[in-house]
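This report describes selected features of helix packing, chain contact and sheet arrangement. The sequence and structure are shown first.

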Amino acid sequence: MSFQKRLAAKEFAVLAEMHTPKGVNISRLVNDARRLKGRVDAVVVPDMDNGIMRMSALAGAVLLQQQGVETIIHMYCRDRNRMALQGDALAAHVLGVQNIIVANSTEMADGDHSDAQVVDDLDEIGLIEALKKLQEGKDISGFDLDGAPDFSIGTAISPFSNDEEMATALDSARARVAAGATYIVTPPIFDPQLSASFLKAAQSLGVPVLATVFLLKSLAIAQYIANSDPGARIGDDLIRRIRKSSDREQEGLKIAGETVQTLRDSCQGVVIQTLGWEHKLPTILDMAQL
Amino acid sequence: MITAERKPLEELIEFIRPYKRILLLGCNECVTVCAAGGRKEVGLLASGLQMALLKSGSNIEIRQHTLERQCDPEYVEELVPMLDGAEAIMSMACGCGVQQLAGRFRDKPVFPAVNTKFMGASERQGVWAERCQGCGNCLLGVTGGICPIARCAKQLMNGPCGGSTGGHCEISDDVDCVWQLIWDRLKALGQTERYLDIMPAKDWRPAGGSGPRKIIREDLAE
């Protein structure tokens, strides 16, 4: 069943995130994707995530589609103006990539090309509106298209570190839904219980909510996120659990799998983020009994 | 200077239509020099607004004043006694002045009466042209004192594009090709060898790529 159909049927969607290489060696990407075929509904391919210059998401997605894996690409506004964004969206459709998440951009200053010029010609709402207009057979200047594309348009809720920021992030997501986003992806949910109020608030946006499940690869990473990002809501119990484990790596995979399982009750899907450990995705899916 | 042009009267009328008393503020600096928002323009605009509103059957009291510099908090303080009874402020300064007022008088709506355009210089009486984009890392020392960032439509750093014809830019015959100007200037200075120097990809961080910019002079800051 395609990702779009699964969402429409209100069934739980399982997505995994895979990054394109910083270079042209695609063997890891392709091999990891092959091992996921038939186990996830789609693979999300971020575009230059964290401001790191990499192979474009569209190229990565096409490679994965060639392996028989449905894909969702990120589009964002930092690096491309309205001409390039629309052109890429049309290209995505004809190359078989019809799922787009309108994502937030990392600040250029925080990436690996901090001296580059920031474009930001459109904002995220402008990009969603542009995609909608393309679907209606027009570009955003109102000119007719020779053949209209078809997309499922999702968006991401910005990360937040306190209740005030959470309210702002939800307001922004609400505006994007009003503009045409048909599902939303949350920031990482580490403890569904501690994030229950947020998930409930996200449900009020009236579109399917897909929760991000972030693999905690080590105790140090868990502690770092817990200390530096209060919005992540990593509780002491979770830290203690990883610390006490005789195999912390395995424990992290287990926690991710359990989180996926638990989220079945409160979300319409998950996006599993492993940031470089994509080869571990099958294990997480095993742990989640998927 | 920072250049500006007055907004259309119709747009300004819509800003102030809900109010009966406003303060219309000019600025004695850049907008006076480019004849957009100085004392004279304040007087003309006040009359224009009053006449237009009278025609549509409404009456408005417009108090006029022109500050030495609207972007300077010291001068903005002068306004405190003038604001009694004013329901809104309309500023004829550049965007810096408008924001200075909005930051200082938080309970008063502040409207811009001009569109701030660019940092430019006077070419002749009544004509101002863009000369600087404030990119934060001045190149004029190596481009013969002529800026390709502000004056080339493509911001080319290493010579002209194929659209340079007869010294003009492809976007309009009214626009000089800045690289022609740079070449002519380098020739006049006997520095044509500089033209062959390859300029690396520009670092846009000082131009604001890392967000809003600020200058802090520790020796002056209080």
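## Chain contact, helix packing and sheet

In this predicted model, 7 residues of chain A are in contact with 6 residues of chain B. On the chain A side, the residues that touch chain B comprise 4 nonpolar, 2 polar and 1 charged by class.

Within chain A, the axes of helix α8 (residues 219-228) and helix α9 (residues 236-244) come within 10 Å and cross at roughly 165 degrees. Because angles over 145 degrees count as roughly antiparallel, α8(A) is roughly antiparallel to α9(A). The crossing of α8(A) and α9(A) is left-handed. From α8(A), Leu219(A), Ala222(A), Gln223(A) and Ala226(A) meet Leu238(A), Ile239(A), Ile242(A) and Arg243(A) of α9(A). By class, this contact between α8(A) and α9(A) has 6 nonpolar, 1 polar and 1 charged residues.

| Domain of chain B | Residues |
|---|---|
| Domain 1 | 2-117 |
| Domain 2 | 133-207 |

The C-alpha centres of domain 1 and domain 2 of chain B are 38 Å apart.

Chain B also has an open sheet of 3 strands in the order β1-β6-β7, with antiparallel pairing. Strands β1 (2-6) and β7 (127-132) of chain B are at the edges, each with a single partner strand, so one side of each has no neighbour in the sheet. From one strand to the next, the twist averages 70 degrees. Strand β6 (residues 114-124) of chain B pairs with β7(B) in the antiparallel sense over 5 bridges. Ala121(B) stands opposite Ala129(B) in β7(B).

How values were computed:
Residues numbered from 1 in each chain as written. Chains lettered and ligands numbered in written order. Predicted model: local features only at pLDDT ≥ 70, side-chain atom pairs only at ≥ 80, totals over all residues. Axes fitted to C-alpha atoms, helices over the stretch in contact; angles between N-to-C directions. Helix = DSSP H or I, 4+ residues; strand = E, 2+ residues; numbered from the N terminus. Parallel < 35°, antiparallel > 145°, perpendicular 65-115°, else oblique. Left-handed = near helix turned anticlockwise from the far one by under 90°. Contact = placed C-beta atoms within 7 Å. Nonpolar A, V, L, I, M, F, W, Y, C, P; charged D, E, K, R; others polar. Domains from an automatic or database assignment. Pairing = 2+ DSSP bridges.
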